[in-house]
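Please consult the sequence and the structure shown below while reading.

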Amino acid sequence: MSKESIQDCVRKSLEKYFRDLDGETPHHVYEMVMHTVEKPVLEIAMERSSGNQSQAAEILGINRNTLRKKLGDHGLL
């Protein structure tokens, strides 16, 4: 899947989210999206690295300690 395809998926999901609000005021959309997207990204990186946190951190381009914190935040440790 290309970067554009991921962007299209996110865009379509957000458009649907705002439609489904049916006039309600949205709150904390950025935080909601980042938290929602982050978990599967972490899961896939951990799967691709066979659970090796150092390799997963390298795949993601983040520090291993940052990865551990994010894994803990999402209940993935």
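Which residues in α2 meet which residues in α4? In this predicted model, E38, L42 and M46 are the residues of α2 that meet L67, K70 and L71 of α4.

**Packing of α2 and α4**

- By class, the contact of α2 with α4 comprises 4 nonpolar and 2 charged residues, with no polar residues.
- The two axes, those of α2 and α4, come within 10 Å and cross at roughly 120°.
- The crossing of α2 and α4 is left-handed.

**H74, after α4**

- H74 is located in the segment that follows α4 (64-73).
- With a relative accessible area of 8%, H74 is buried, since the cut-off for that class is under 20%.
- When neighbours within four places in sequence are left aside, H74 is in contact with H35, E38, K39 and L42.
- E38 and L42 also take part in the meeting of α2 with α4.

**S50, between α2 and α3**

- S50 belongs to the loop that joins α2 (29-48) and α3 (53-60).
- S50 has a relative accessible area of 71% and is therefore exposed, the cut-off being over 50%.
- Between S50 and T36 there are 22 Å in space, C-alpha to C-alpha, and the two are 14 residues apart in sequence.

Note on methods:
Residues are numbered from 1 along each chain as its sequence is written. This is a predicted model: local features need pLDDT of at least 70, side-chain atom pairs count only at pLDDT 80 or more; totals for chains, interfaces and linings use all residues. Side-chain values use heavy atoms; hydrogens and water are left out. Helices (H or I, at least four residues) and strands (E, at least two) are DSSP runs, numbered from the N terminus. Buried means under 20% relative accessible area, exposed over 50%, partly exposed in between (1.4 Å probe, protein chains only). Contact means heavy atoms within 4.5 Å. Axes are lines fitted to C-alpha atoms, for helices over the stretch in contact, and angles run from 0 to 180 degrees between N-to-C directions. A crossing is left-handed if the near helix is turned anticlockwise from the far one by less than a right angle, and right-handed if clockwise. Ala, Val, Leu, Ile, Met, Phe, Trp, Tyr, Cys and Pro count as nonpolar, Asp, Glu, Lys and Arg as charged, and the others, Gly among them, as polar.
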